[in-house]
Amino acid sequence: MIQSKNEQDEINALKKEELQEEQFWKGYSNKLKEQIKTEDIFEEVQNFKLLKTKEKNNFFKKILKTLGF
């Protein structure tokens, strides 16, 4: 099948456009994955801090209870 120069240029332009769009969405997907990962890490740190605070409060409650307060 013989194609004219214009048809071939048009096909190449469409392929290039598709590739650019694919790369855009791939980059967007990677950024979204990184954001989710960052949010998960933040949530884990917050949960850890909360757990440590509860443990510290329980420790002091036990000490006060032992001292009779």
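The accessible surface of this protein chain comes to about 7200 Å², and 59% of that belongs to carbon and sulfur atoms. Please keep in mind that the model is predicted. Of the 69 residues in the chain, 0% count as buried.

Now the overall build. The protein chain has 1 helix and 0 strands. Its radius of gyration is 30 Å, while the globule rule gives 11 Å for 69 residues, so the chain is more spread out than a compact globule. Along the principal axes, the C-alpha trace spans about 95 × 15 × 5 Å.

Helix 1 runs over residues 5-67. There are 63 residues in this helix, and from the first C-alpha to the last it reaches 93 Å. That is close to the 93 Å expected at 1.5 Å a residue.

One general point before the contacts. An α-helix has 3.6 residues a turn, so residues three or four places apart point the same way.

Let me start with the salt bridges. The count comes to 2. In one, the side chains of K5 and D9 meet, with 3.2 Å from N to O. K5 and D9 sit 4 residues apart in helix 1, which is about one helical turn. How accessible are the two partners, K5 and D9? K5 has a relative accessible area of 60%, so K5 is exposed, the cut-off being over 50%. D9 has 35% and is partly exposed.

The other salt bridge joins K52 and E55, whose closest N and O atoms are 3.3 Å apart. Here the spacing is 3 residues within helix 1, again about one turn of the helix. K52, with a relative accessible area of 39%, is partly exposed, and E55 counts as partly exposed at 40%.

Next, the aromatic rings. How many aromatic pairs are there by the rule used? The count comes to 4. The rings of F24 and Y28 have centres 6.4 Å apart and planes at 20°; planes under 30 degrees apart count as stacked, so this pair is stacked. F24 and Y28 are 4 residues apart in helix 1, or about one helical turn.

Y28 also pairs with W25. Why is the pair of W25 and Y28 edge-to-face? Their ring centres are 5.6 Å apart and their planes stand at 85°, and over 60 degrees counts as edge-to-face, so that is the label they get. W25 and Y28 both lie in helix 1, 3 residues apart, about one turn of the helix. Taken together, ring pairs link F24, W25 and Y28 into a cluster. As for accessibility, W25 counts as partly exposed at 47%, and Y28 likewise counts as partly exposed, at 42%.

Last, the end of the helix. Just after helix 1, G68 takes a positive phi of about 95°. F69 is placed in the segment after helix 1. Is F69 buried or exposed? With a relative accessible area of 77%, F69 is exposed.

F69 also belongs to a nonpolar surface patch of about 680 Å². The patch is made by F59, F60, I63, L64, L67 and F69.

To sum up: the chain has 1 helix and 0 strands, 0% of its residues count as buried, and the salt bridges number 2. The cluster of F24, W25 and Y28 is linked by ring pairs.

Definitions and conventions:
Residues are numbered from 1 along each chain as its sequence is written. This is a predicted model: local features need pLDDT of at least 70, side-chain atom pairs count only at pLDDT 80 or more; totals for chains, interfaces and linings use all residues. Side-chain values use heavy atoms; hydrogens and water are left out. Rings of Phe, Tyr and Trp (its six-membered ring) pair if their centres lie within 6.5 Å; planes under 30 degrees apart count as stacked, over 60 as edge-to-face and the rest as tilted. Helices (H or I, at least four residues) and strands (E, at least two) are DSSP runs, numbered from the N terminus. Buried means under 20% relative accessible area, exposed over 50%, partly exposed in between (1.4 Å probe, protein chains only). Patches are made of residues with over 30% relative accessible area and no salt bridge: like charges are joined within 9 Å, nonpolar side chains (Val, Leu, Ile, Met, Phe, Trp, Tyr) within 5 Å. Accessible areas come from the Shrake-Rupley method with a 1.4 Å probe; for residues, only the protein chains shown count as cover. A salt bridge is a side-chain nitrogen of Lys or Arg within 4 Å of a carboxyl oxygen of Asp or Glu. The expected span of a helix is 1.5 Å times one less than its number of residues. The radius of gyration is taken over C-alpha atoms; the globule rule is 2.2 Å times the number of residues to the power 0.38.
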